Every structure is written in structure tokens, then in C-alpha cells.
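The following paragraphs lead the reader through one protein model, from its overall dimensions to its local surroundings.

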Amino acid sequence: MNEKLLNATAVAMVAPGKGLLAADESTGTIGKRFDSIKVENVEANRQTYRDMLFNTPGFEQHTSGVILFEETLFQKGLDGTPFSKLLESKGVIPGIKVDKGVKPLFGGAPEETITEGLDGLAERLAKYREAGARFAKWRAVITIGNGAPSHSAIHTNAHALARYAALCQDAGIVPIVEPEVLMDGDNTAQKNEDVTTWILKEVFQELYFQNVLLEGIVLKPNMIVSGKKCPTQAGHAEVAERTLRVLKRCVPSAVPGIAFLSGGQSDIDATAHLDAMNKAGNLPWNLTFSYGRALQAAALKAWGGTNVEAGKKAHLHRAKMNGLAALGKWDA
Ligand code: 13P
């Protein structure tokens with residue numbers, strides 16, 4: 001394992017004032033996003049949309065890397081340049097989502113899932129590295145409510161995340177370790193705090209058991225928010241305080257950086273929460289963003305299938321605001 005290289009890549013992914021663009025929606029998920037603007041989910045439209053995102057002038061000043069879906073890693077932009085080369089030419093690191101999505105878990109609570117994709121992963125990672133990917137992503141999903149989370153869901157998902165992380169590092173690829181506690185339920189922020197603490201404790205235990213180099217990962221957690229259907233909603237300061245408390249209790253300082261998912265928060269909330277945490281300062285890791293929806297929702301709407309310039313403008317604006325939040329310098 002090339003420890004220096006892994007660490008250098010992880011450090012670059014969380015460079016001050018920069019974060020990750022999660023543009024790794026599976027074909028099914030991008031279909032849902034396109035439905036909202038009445039754009040047909042065909043390869044040509046996916047290519048055009050992502051070409052717009054990656055050709056946004058100046059986005060590279062706020063973007064350290066982009067998480068791609070497999071189709072995009074092997075796809076060319078509209079001018080014939082492979083997307084991975086286009087990103088590299090702007091100093092943006094290409095990465096790839098490598099999990100195969102969630103499947104029913106069985107043996108846990110009724111609606112729980114396990115993330116699949118470990119079989120054949122070593123071979124796939126070698127292929128992805130050759131195509132330019134320098135980091136990868138694997139998302140585990142933890143739900144709250146209706147008996148969840150069960151010990152089985154926490155344990156099996158943490159184990160799979162660590163298996164994936166060890167395989168990535170062996171292939172010279174930095175793993176983004178993403179245990180996402182969903183925010184869809186009616187639970188309180190306190191419940192989210194308890195569950196996130198549990199899954200993070202378990203994840204770091206499994207990473208240790210499986211000899212994963214902490215200096216060569218990026219953690220991608222949820223923030224500690226109230227469930228969307230909870231009648232009382234934690235404000236920005238409370239979310240920041242709870243999230244920092246959990247991270248300080250669970251994440252060793254050897255980890256170079258933490259890049260949050262947005263998970264369905266509004267664009268402004270996602271920026272405000274990140275900014276509030278960075279304003280608190282004096283943290284052992286860099287805190288930044290790895291947003292999908294909170295970076296793309298405005299761009300998608302402004303583009304609407306045809307308006308490339310408006311889409312680029314909206315993308316750049318959110319990238320810039322989140323870049324400021326990653327420094328604790330955003331002003332509402
Ligand atoms: P959201 O920011 O939309 O949650 O997406 C981030 C991501 O990559 C989820 O896996």
C-alpha cells in the first residue's frame with residue numbers, strides 16, 4: 001500500500017475552501033431528477049447535463065474532486081474529451097461510485113438495507129484506476145424508525161464499508177466512507193445523534209479490524225438534523241453543535257477530512273450548517289462538502305434541459321457559497 005500517495009490524495013480532496021461535487025447519481029436516480037424538469041433520461045441528456053456541470057468556468061476554484069457514476073467515467077464530453085481528462089486538466093480529481101446500491105437486508109428491522117457490490121470489486125477498482133479514478137465512494141444507508149436501526153443493519157453495513165475501504169486502498173484509491181443516517185423520519189435530532197454515534201463507532205472499529213489507513217480515507221457522514229417529519233426542527237446552531245460533538249467523540253484526528261452529504265437539506269441549510277461548524281474553528285480535521293442535491297438542484301432547474309449558461313451560473317454560485325462555508329467565511 002502506498003501510504004504517502006493515499007494520504008496526499010485524501011488531503012487534496014479536503015483542501016481548504018474546496019469540496020467535492022457528488023455527480024454520481026445512478027441511471028435510476030438521475031432519471032428522477034430529470035423527471036422534475038421533464039427531460040428524458042437517455043445517455044445523450046445525461047452527457048449534456050454533466051458536460052455543463054464540468055465545464056462551469058471557475059468551479060474548480062471551489063471543487064477538489066467530482067464523484068462520477070461508472071457511465072460518466074468512461075464517457076466523453078461534447079467536444080470528445082473524456083470527462084476524466086477534462087476534470088484532470090482543471091486540477092479536479094476524478095472519483096467513482098463503486099457500490100451497487102442498497103438491497104433488502106433481511107434479519108434486521110423490516111425496511112433496512114445492506115449495500116452490495118463487494119464481489120469482483122478488486123477487478124473493477126483496477127479498471128477504474130486505469131481510467132483515471134483516484135478515489136471511490138460507497139454509501140451505506142441507515143434508517144431510523146419502525147424498529148430501525150437494528151444491530152444487524154449497523155454491523156453488516158459497517159463491515160461492508162470497511163471491506164470496501166481496504167480493497168480501495170490496496171488498489172491505490174482513496175475510499176470515501178459514507179454511512180448515511182437518513183433524515184426522512186419523524187425522529188428528533190437527539191435520536192439522530194444517538195444513531196449516528198452508534199454507526200460511526202462501529203465503522204471506525206471495523207476500519208481498525210480491517211487495517212484501513214485512517215490517513216488515507218475521507219469520511220462522508222450526515223449532519224445531525226431533525227427528521228423531516230419531526231414537529232420540532234433543530235436550528236443551524238444546534239445542528240452544528242450536535243454534529244461537532246458526535247464527530248469529536250467518534251472520528252480520530254488521523255482522518256484528514258470530513259466531507260458531508262446534504263441528504264435532502266435545502267441549499268441554504270446545507271451551506272449554513274457547514275459554515276457554522278467551520279466558524280466554531282479549532283478542529284482536528286478539515287470539514288467540507290460532498291454535496292449532490294445541494295450543489296445541483298439549482299443548476300438542474302436553471303438548465304431545464306436547454307439553458308446551459310443559466311445552469312453553469314447556478315452551479316458556480318452554489319460551489320462558491322459552499323467553498324466559503326468550508327472556510328467558515330460564508331455570509332447569509
Ligand atoms: P446528497 O448531497 O444529495 O445527499 O448526495 C450526496 C451523495 O453522494 C449521497 O450518496
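What radius of gyration does the protein chain have, with 332 residues? The value is 18 Å, which agrees with the figure near 20 Å that a compact globule would have; the radius is taken over C-alpha atoms, and the globule rule is 2.2 Å times the number of residues to the power 0.38. The model is a predicted one, in which local features need pLDDT of at least 70 and side-chain atom pairs count only at pLDDT 80 or more, while totals for chains, interfaces and linings use all residues. Residues are numbered from 1 along each chain as its sequence is written.

The protein chain contains 12 helices and 10 strands, which are DSSP runs numbered from the N terminus (helices: H or I, at least four residues; strands: E, at least two). Eight strands close into a barrel in the order 1-2-3-6-7-8-9-10, with parallel pairing; two strands pair if DSSP finds at least two bridges between them.

The ligand is surrounded by residues including Arg139, Glu178, Tyr291 and Arg293, where near means a C-beta atom, placed from the backbone, within 6 Å. The shell divides into four nonpolar, three polar and three charged residues; Ala, Val, Leu, Ile, Met, Phe, Trp, Tyr, Cys and Pro count as nonpolar, Asp, Glu, Lys and Arg as charged, and the others, Gly among them, as polar.
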